[in-house]
Each structure stands twice: as C-alpha cells, then as structure tokens.
Amino acid sequence: QVQLVESGGGSVQAGGSLRLSCVVSGYTYRRKCLGWFRQAPGKEREGVATIYLVDGRTSYPGSVKGRFTASHDTSKNTLYLQMNTLKPEDTAMYYCAADSPVLPWNRCSWASSTYNYWGQGTQVTVSS
C-alpha cells in the first residue's frame with residue numbers, strides 16, 4: 001500500500017523558513033515525477049514544485065521561484081520542500097504527491113489530476 005506522510009508544517013512570521021518532509025512508502029517509483037502542491041481556503045489547489053527523479057531537475061512557478069527548493073533523498077525515500085522568505089500569501093495546506101507520468105522533453109505536470117498518490121497534508125501559516 002502506497003503511503004505519503006508529510007510533516008514539518010507550522011506557524012511562522014513573514015520572512016521565516018520551514019522545511020517540509022514527505023516520507024514515501026510502498027511505492028515503486030514506476031513514474032518519475034513527484035510534486036508539492038498547496039491549497040488555501042476558497043482557492044484551487046496549485047503546484048509549487050515538481051521534481052523529475054531521473055536527474056533531480058526541479059521546476060517552480062513564479063510565485064515561489066527563488067524562495068522554495070524541492071529535493072528528494074532516495075536513500076530515505078523522502079521528498080523535501082525547503083521554504084524560505086515566507087510570505088502571508090504562502091499560508092495553505094501543503095501536500096506532496098507522486099505517480100505522475102513524465103511529459104515530453106522530460107517535464108513534470110502541474111495538473112494535480114495527473115498525480116495518483118497524495119499525502120494527508122501539513123498546514124503552513126505565515127503571519128505578517
């Protein structure tokens with residue numbers, strides 16, 4: 001049974017940092033894209049990072065680029081999201097996701113519907 005378990009969320013002041021972890025178990029990594037998503041109340045779920053496992057290449061939207069860094073430790077089966085210079089608009093429930101197919105030119109999808117496995121989420125709250 002595939003399980004993704006996030007941790008590391010919490011409350012921080014603007015400008016602070018958090019590192020989220022996502023332990024992946026029972027997954028054979030048959031597909032090579034992992035992702036981090038977030039969802040704020042009343043808003044749609046949005047992707048904040050994707051990682052292509054073959055070469056570790058990451059991708060970010062403009063809203064978090066330069067502040068967030070995703071990584072994967074194969075030996076620990078753990079996905080990380082380092083978040084720096086946090087802003088109040090980063091407040092959301094954060095989810096890790098797995099099992100999305102690789103797109104042409106070895107890209108990963110931003111569409112949440114393409115990811116088949118999800119964690120339960122961890123709350124991040126940034127106060128001004």
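Which residues does serine 21 touch, not counting residues up to four places away in sequence? In this predicted model, serine 21 touches Val5, Glu6, Ser7, Trp36, Thr78, Leu79 and Tyr80, with residues up to four places away in sequence left out. Serine 21 sits in strand β3, which covers residues 18-25. Its relative accessibility is 14%, and because buried means under 20%, serine 21 counts as buried.

**The nonpolar cores**

Trp36, one of the residues that serine 21 touches, also belongs to the largest nonpolar core. This core has 28 residues, and those with the most contacts inside it are Trp36, Phe68, Leu81, Met83 and Tyr94. The elements that give two or more residues to the core are β3, β4 (33-39), β5 (46-52), β7 (68-73), β8 (78-83), β9 (92-100) and β11 (122-127).

Methionine 83 can be taken as an example from this core. Leaving out residues up to four places away in sequence, methionine 83 touches Gly16, Ser17, Leu18, Leu20, Arg67, Phe68, Tyr94 and Val124. There is also a second, separate core of six residues, which includes Phe37, Tyr52, Cys108 and Tyr115.

**The disulfides**

A disulfide is a covalent bond between the sulfur atoms of two cysteines. How many disulfides does a search of the whole structure find? The search finds two, and they are set out below.

| Disulfide | S to S distance | Angle about the S-S bond | Handedness |
|---|---|---|---|
| Cysteine 22 and cysteine 96 | 2.0 Å | 65° | right-handed |
| Cysteine 33 and cysteine 108 | 2.0 Å | -85° | left-handed |

Cysteine 22 is buried, with a relative accessible area of 0%. Cysteine 96 also counts as buried, at 0% relative accessibility.

The other disulfide joins cysteine 33 to cysteine 108. Cysteine 33 is in strand β4, while cysteine 108 is in the loop between β9 and β10 (117-118), so the pair ties together parts that are 75 residues apart in sequence. Is cysteine 108 buried or exposed? Its relative accessibility is 10%, so cysteine 108 counts as buried. Cysteine 33 counts as buried as well, at 0% relative accessibility.

When the bonded cysteines of the chain are numbered in sequence order, the pairing is 1-3, 2-4.

Conventions:
Residues numbered from 1 in each chain as written. Predicted model: local features only at pLDDT ≥ 70, side-chain atom pairs only at ≥ 80, totals over all residues. Heavy atoms only, no water. Helix = DSSP H or I, 4+ residues; strand = E, 2+ residues; numbered from the N terminus. Buried < 20%, exposed > 50% of the residue type's maximum accessible area, 1.4 Å probe, protein only. Contact = heavy atoms within 4.5 Å. Core = buried A, V, L, I, M, F, W, Y, C linked by side-chain atoms within 4.5 Å. Disulfide = S-S within 2.5 Å.
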